[in-house]
Amino acid sequence: MTMILLLFCALSVFNAIIPTKSSLVEGNVNAVYFQPEQIHLSFGENLNDIVVTWSTRNATKHSVVFYGENFKHPQSLEKAEGTSTLFVDGGSKMSSQYIHKVIIRGLKPRTRYEYNCGSDAGWSARYSFVVPPSGENWSPSLAIYGDMGNENAQSLSRLQQDTQRGMYDAIIHVGDFAYDMDTDNAEVGDAFMRQIEAIAAYVPYMVCPGNHEEKYNFSNYKTRFSMPGGHDSLWYSFNLGPVHFVSFSTEVYYFLNYGYKLLTKQYEWLENDLKEANKPENRKQRPWIITYGHRPMYCSDDKEYDCNEKLETYIRQGLPLVKMFGLEDLFYKYGVDVEFFAHEHFYTRLWPIYDFKVYNGSADNPYRNAKAPIQIITGSAGCNENREPFSKVLPDWNAFHSNDYGYTRMKALNGTHLYFEQVSDDKDGDVIDYFWIIKDKHGPYTDL
């Protein structure tokens, strides 16, 4: 009897110390609801600025990043502070979280920094990143892919391993995340952002929106990601080594219920950005121009409703009837070298193409001094919608295709040579396609 009484007293004390589940949900005492999660990086307005973004379930008084070259010497660490925004998902339960954003400015090139983030209510683990070299005379390496989900993210573990081995200076995710970030009151989005943390907390994770981000006016996408440029991460550009990268939204052509202004503003911005990149002093410094957006201009699967020769893509030719704001003419005019797309759940490399015509550099080396942009569709990272079948009769502009799950690697060696390879996760990381793009002269194709 005495033993039972003692046990009952002990349990009573234990229950008084440990909060109940309901008290945790209300945001009381337990610091786990203030713990940073979903940590990811992006470039700021220049390569010397890195943006750290994360989530907490409850509000914190501060949003802080401690960073330095060596965490073993706490006195040498620097502190950067930022802001947080309450994000309420539009689902039935209206789930909420706080998205924190801190910009670390003025970092030293070619330097590895360690960091952690959070507040006095809860801190993250320690992560690290390397600031890229300044200028154009170095060779950045990137992984590029689209359409990676939460349930069937087959390429994720290999990408995580690549990243932890220091293979990439940046990642580009060409739209369609999680499938979908708003699903189950944004719980699928939270799970996906935690999944990519082993990548995105170590290298800048640069993105563009896809059709699967549309819900609630792209609110999950715009709130969770912090891209440069001040346009809700819908369009922006950045420089990396000898490359000028341009990100844009193909979705402004399809979800016009959110307003025509987005489409016209993006087109105006794109033309101004490409015009600036083509100034002789800028094109000499960064000769390569590479764009990325989610839905492709060309694709080789019969079933696709918005991408074949019978149904012209809005992105390629412009809005129906008015035939305005098409991007193929714009990109050709300003000498875009490479265009990345996704949306189709496969990998396709195209011959240099403009208006359904192939403009190879030469019969022996089609990608040397090509006379039109080279398009790559890389939408096979893995999602729960599975693979896309190819047409039985492939078009002449299809140079290589595969529906293996995988992703694209790119290395910009210098101002004249780009190297690409396609990794097959189905084949245990084998490179199933590789090619060089070589250019002795860059600029508008009408001038070449």
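1. By class, six nonpolar, three polar and two charged residues make up the lining of the largest cavity (Ala, Val, Leu, Ile, Met, Phe, Trp, Tyr, Cys and Pro count as nonpolar, Asp, Glu, Lys and Arg as charged, and the others, Gly among them, as polar). A cavity is a set of points, on a 1 Å grid over the protein atoms alone, where a 1.4 Å probe fits but cannot get out, and lining residues have an atom within 4 Å of a point.

2. The model is predicted: local features need pLDDT of at least 70 and side-chain atom pairs count only at pLDDT 80 or more, while totals for chains, interfaces and linings use all residues. Residues are numbered from 1 along each chain as its sequence is written, and side-chain values use heavy atoms, with hydrogens and water left out.

3. The largest cavity holds about 80 Å³ of space, a volume being the space filled by probe spheres set on grid points that are joined across faces, edges and corners. Its lining includes Phe218, Lys222, Glu251 and Tyr258. Helix α6 (residues 215-224) gives the largest share, three residues; helices (H or I, at least four residues) and strands (E, at least two) are DSSP runs, numbered from the N terminus.

4. The second largest cavity has about 40 Å³ of space. Among the residues lining this cavity are Met181, His212 and Tyr221.

5. Seven strands form an open sheet with mixed pairing, in the order β15-β16-β17-β18-β22-β19-β23; two strands pair if DSSP finds at least two bridges between them. Because β15 (236-240) and β23 (398-402) stand at the edges, each with a single partner strand, one side of each is left without a neighbour in the sheet.

6. Strands β19 (residues 347-350) and β22 (residues 374-378) run antiparallel and are joined by three bridges. Arg349 has Ile376 in β22 as its bridge partner.

Methods:
1 Å grid on protein atoms, 1.4 Å probe; cavity = no way out; pocket = protein on both sides within 12 Å on 5 of 7 lines; lining within 4 Å.
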